[in-house]
Amino acid sequence: MSSHHSHEEEQPTSQLPSYLRARHVSNIQDDEDYIMDNLHDLNLDLRHRMRPAVASGDLVEKKAYHGSDVDGESQFGSEPYARPDSRNSTAIDFDDESPYPEVRASISNVDDPNMPYNTFRVWTIGLIFSIVIPGANQLLLFRWPSVYITGIITQLVSFPIGKAMAVALPTWKFKAFGSTFSLNPGPFSIKEHVCITIMCNLASMGVYATDVIASQRLYYNSPTPIGYQILLITGVQIVGFAYAGYLRRFVVWPSSMIWPGALVNAALFNTLHQTFSKADDNRMSRHRYFLYVSIGAFLYYWLPGYLFVALSTFNWVCWIAPENPTVNILFGTQTGLGMSLLTFDWSMISFLGSPLVTPWWAQLNGYVTVVILYWVIVPALYFTNTFFSANLPILSTRSFDNTGVRYNASAVVTNGIFDQAKYEAYSPVFMTASMAIAYARDFALFPAVIVHTLLWFRGDIMKRLRSSIHSERDIHSRLMAVYPEVPTWWYAIFGVIATVFLCVAVEIVPTQLPIWATLFALGLSAIISVPLAMLQAITNQQVSLNVMYELIIGYALPGKPIANTIFKAIAWQSGASAISFSGDLKLGHYMKIPPRMMFTIQIISGTISALVALGMQEWAFRNIEGICEPDQKDNFVCPGTNLFATASLLWGAIGPKRLFEEQYGPLFYFFLAGSLLPIPFYLMARRYPLSLWRYINIPIALSGAQVFPPGNGQNYTTWIIVGFIFNYFIRRYHMQWHLRYNYVTSAALDFGTALSVIVIYFAVYFPKGPNGEGYPLNWWGNSVYANTLDGNAVSLLTLDEGQTFGPTTWS
């Protein structure tokens, strides 16, 4: 500070660490503590002065729930609204509005505790969907090409069914468990709809651990008795549910954990039920807007999805020079780096997640990483033939042998155990340049998550360990405080049961996985799920660490592929399920569903869906002839299962020591890079708290690039262009439109496109035409993208017949 400032002006700064004192920011002295306390909250705009909070005495009057007669967006515009002007204010920091404009636009700040939610309609529709959806999805995932029933589809489909039941059901009343129930308590309520949708979300989530059983059965001829299958599947599913119970204090109750994905669901609920923005003020209602955009998305997808497929894989530069290797390597979109930039297919754009939902700053972090890693480092490695990569396509998720064909990992295994002699007679493993950098990126991600969390969230985590929902001061937590909370020990009981299930499962059949490794997987997942859930709650970006789990157990139990798959499934799915359960808990929190109702529907739906998926897989293996074979007559070739099993052979049988230390050793330096990179940006953000430094988030930057490969620059460039338009330009210059329509637009595009995908699949591709391949449309626009070196998986260097590349000896 300047020397002519008064002592009173200098006092707040003098208490800060030395590297924070010479801060060139004006007018922040009164709010200095607030800014530093909330520096990690990247969805909160710290540049605006906060409006005074409501004193505790002003909150006595209780509001009744009703359909709002005003817009969903707050009358306070985009200005945050959360706290007293000064820390010396006597008003308690309570408020009747969320400080986040997107939350204000999507979530009602009133509640009706008497609105029906635990009804016959909820359980009938929810349980039927909990059986039908996982069964259908499990079967369809075995087929290629596949289609998937998503949560947004069921959210839309369940709405007219609930409305119809409200009209058709009688109003009979009956008594049970000391309470009176009615088959039809009145109009189909928004809370009923939320409960059904959450049950459907769990049902459509998929059960990752089914691939463990499929791999054991198909690749290792390992016994998989039905008791073992049930214990493994339900154990993994239930332990994720138990973890969600302790994640509540970190990612559900705090208002700063906004969960953008939950806001999309909430916006759609309010659009369908019209309880939050009935007045249109000479503007199109959200209900009509959703309908128009959905119809438009449904009709439009026929263009890139069937009529002109080249608009989807839009490698237009390769059309100009289809036989030029360099052009196809750089600009291709199938086995190239995607420098053709654009796609006109919403399913390709939203392949990374909806760009209308992910915050702009998070998108930019991921895109910069893509440019550095995949448009600078990968070409440099490839064109210098580093790691012998020029003998392979530049982009592929497959592993290769020294002849340039797909690596046959089963050729180096005997009875499920790695065979050294077979390995030495066959070939070492080679990966593409893009896949090598993808592993390096994941190596950096693991320590980056830990370091970033310790730097930014250590105080929050310690505080949350001792908190309850009654400690939260935001409006939604205070509204939820009237409902009885679920005791932590309820979740703990299920956690203990799930742990016992898993320990028994790995012992009753020869899984190669000892109990200590099972407990280690559970403990590792429990710890790491906290920062992963926090990152997803803030950014809508899912951070996956499955490569790290494979690496850890690959070193701990080398040469044991079955153990590798089970360890990864336990560690990864338990954490992923916990985060998914937590996201739904936040949706229930926003929509004021009583916690004990949430507990009940999650455990019942989650368990049923896991058992149904397992049952459908068992039926498929017993009744579909040649399932998972590459020439299966109905295309039930199991692409996901084959990829999972191949990974188990590579990481579990051959092992990370042979995969990396002998050939890709330099990639391990990325562990060090990931440990160090968060530190300078943290220090710069503390030094300049209102600058752009606070938006540089290394875990989000690395995880944002995690779908490259199989994604490419085409997906990312179009994704960030759309994100810039909606989440930067429109949000900044047309905030009211953004608050009113943005999430509705995202839901409508997802729904219209998903519905179109299903219709095209069953109407055009699934039926058998005269050639046994459906009814494709054969013309230039549907083949030009494939008639290129990009479509034929070009490599820079080619081998003569019988020639190999790489080292001459290996062990």
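## Two crossing helices

Helices α9 and α10 are roughly perpendicular to each other, a label for angles of 65 to 115 degrees. Helix α9 spans residues 260-273 and helix α10 residues 286-307; they pack at an angle of about 110°, with axes 8 Å apart. Axes are lines fitted to C-alpha atoms over the stretch in contact, and angles run from 0 to 180 degrees between N-to-C directions.

L268, T271 and L272 of α9 meet R286, H287 and F290 of α10. Contact means heavy atoms within 4.5 Å.

## The model

This is a predicted model: local features need pLDDT of at least 70, side-chain atom pairs need 80 or more, and totals for chains, interfaces and linings use all residues. Residues are numbered from 1 along each chain as its sequence is written, and side-chain values use heavy atoms, without hydrogens or water.

## The whole chain

The chain holds 28 helices and six strands. These are DSSP runs, of at least four residues (H or I) for helices and at least two (E) for strands, numbered from the N terminus. Of its 811 residues, 59% count as buried, meaning under 20% relative accessible area with a 1.4 Å probe, protein chains only.

## Helix α18

Helix α18 covers residues 488-508. Its buried residues are Y491, G495, A498, L502, C503, A505 and V506. They lie on the same side of α18, because they cover an arc of only 155° around the axis. The arc is taken from the directions from the helix axis to the C-beta atoms.

These buried residues pack against α8, α19, α21 and α22. The face turned away carries W489 and V496, both exposed, that is, over 50%.

Definitions and conventions
The expected span of a helix is 1.5 Å times one less than its number of residues. Angles under 35 degrees count as roughly parallel, over 145 as roughly antiparallel, 65 to 115 as roughly perpendicular and the rest as oblique.
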